[in-house]
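Hi,

Here is the structure I said I would pass on.

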Amino acid sequence: MLEMKNIKKVYRTDTIQTHALEDFSLLVESGEFVSVMGPSGSGKTTFLNVAGLLDTFDSGTYILDGKDVSKLSDSEMSRIRNRAIGFVFQSFNLIPDLNVFDNVDVPLRYRGLGAADRKQRIERALDLVGLSSRAKHLPSQLSGGQQQRVAVARVLAGDPKLILADEPTGNLDSLMAREIMDLLDRINASGTTIVMVTHSPECAVRAQRQIHVLDGRVVDLETPRISLARNEVSAGMASTLG
C-alpha cells in the first residue's frame, strides 16, 4: 500500500539546510495499523506530509497503492489526496459556526458529490463514531473527544483507503484518548490502513506495529505482531461496522 525507499527531504534557506528525512525507508501493507514514534524534530510530521502528498521529496522512491508518486502530476496527486487519503490532526480543525453535519459535509461538497450521496455518507459516518444524535450541535457544544470524533467522521465520510493521524489524542484526557483509540481500532478492523504519529506509548502499543524515527531515519522497525485474540476481536468489530 505504502512503500518508501531511501526518501530524502531537505528544507533549505539562504544559509541553512535541514535534513528532515534521510534514507527513510518504510513499508506499510494494506490493512495495517502502524504507530510512529520519535522525539520532536525527528522527522515524523515530515514523513506524514510526504506520505499524504502534502509535501514533495528530493530523492528516493515512494510507491502509494501501486503508483510511483514521483511520476504523478499535481492534479493526479490532488485527486488521490482528496479521495484516497484521510487526515486526522491533533487540532480538530472544525469550523466553529457550522454544526456537526455541515462540518462533515464540507469536504464532500468540494468533491462535487450530490446531495443524496453526501447525506448518506454523513449519516453513516456519524453513526460509526456514535454522534448521530449530535448532528445539529455546534463544535462549542461538544467535548474534546466528541470534536475529535467529528473530525474522524469527516474523514470516514470520504471513504479513504489510508488514514494518516498526527497526534490524534494529543489534546484529550486519558479517558477520551482511549475512546478515540477504540474508534481507530474499529476503523482499522473494517480494512482501512492507519498510520499514526504519537508521543504516547499507551496509544502506540494499540497499533499492530510500532516504528521509531530518529534524525529522519527509521531506527527501530518491528515486524507485525497481530495476536490471535486481536484477530478475533477485529473480525467481530469488522462485522459490527459492516
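There is 1 cavity of 30 Å³ or more in the structure. By cavity I mean a set of points, on a 1 Å grid over the protein atoms alone, where a 1.4 Å probe fits but cannot get out. The largest cavity holds about 40 Å³ of space; grid points are joined across faces, edges and corners, and the volume is the space filled by probe spheres set on the points. Before you read on: this is a predicted model, where local features need pLDDT of at least 70 and side-chain atom pairs count only at pLDDT 80 or more, while totals for chains, interfaces and linings use all residues. Residues are numbered from 1 along each chain as its sequence is written, and side-chain values use heavy atoms, with hydrogens and water left out.

Back to that cavity. Its lining (residues with an atom within 4 Å of a point) is made up of Leu48, Asn49, Leu54, Phe87, Val88, Phe89, Leu164, Ala165 and Asp166. Two or more of the lining residues come from each of α1, β6 and β7; helices (H or I, at least four residues) and strands (E, at least two) are DSSP runs, numbered from the N terminus. By class the lining divides into 7 nonpolar, 1 polar and 1 charged. For the classes, Ala, Val, Leu, Ile, Met, Phe, Trp, Tyr, Cys and Pro count as nonpolar, Asp, Glu, Lys and Arg as charged, and the others, Gly among them, as polar.

Now the open space. A pocket here is an open set of points with protein on both sides within 12 Å along at least five of seven lines. The largest pocket has about 440 Å³ in it and 16 lining residues, with Ile85, Gly86, Phe87, Pro107 and Arg154 nearest its centre. The elements giving two or more residues to that lining are α2 (74-83), β6 (85-89), α3 and α5 (144-157). Counted by class, the pocket lining has 9 nonpolar, 4 polar and 3 charged residues. Phe87 also turns up in the lining of the largest cavity.

On to charges. The whole structure has 11 salt bridges, each being a side-chain nitrogen of Lys or Arg within 4 Å of a carboxyl oxygen of Asp or Glu. A few to look at:

- Lys9 pairs with Asp55, with the closest N and O atoms 3.3 Å apart. Lys9 sits in strand β1 (residues 2-12) and Asp55 in the loop between α1 (44-51) and β4 (59-64), so this pair ties together parts 46 residues apart in sequence. Lys9 is buried, at 7% relative accessibility, while Asp55 is partly exposed at 23%. (Buried is under 20% relative accessible area, exposed over 50%, partly exposed in between, with a 1.4 Å probe and protein chains only.)
- Asp58 and Arg12 meet at 3.7 Å, N to O. This pair also links the loop between α1 and β4 to strand β1, 46 residues apart. Asp58 is partly exposed at 41% and Arg12 is exposed at 51%.
- Glu123 and Lys119 come to 2.5 Å, N to O. They are 4 residues apart in helix α4 (residues 115-128), so about one helical turn separates them. Glu123 is partly exposed at 40%, and Lys119 is partly exposed at 43%.

Salt bridges with shared partners also join Asp105, Arg109 and Arg118 into one network. Asp105 lies in helix α3 (residues 100-110) and is buried, with a relative accessible area of 4%. Leaving out residues up to four places away in sequence, Asp105 touches Arg118 and Ile122, contact being heavy atoms within 4.5 Å.

Lastly, the nonpolar cores: sets of buried Ala, Val, Leu, Ile, Met, Phe, Trp, Tyr and Cys residues joined through side-chain atoms within 4.5 Å. The largest has 35 residues, and Leu126, Leu156, Leu184 and Ile187 touch the most other members. At least two core residues come from each of α3, α4, α5, β7 (162-166), α6 (174-189) and β8 (193-197), with α5 giving the most, 6 residues. Another core lies apart from it, with 30 residues including Phe57, Tyr62, Ile80 and Val197.

Cheers
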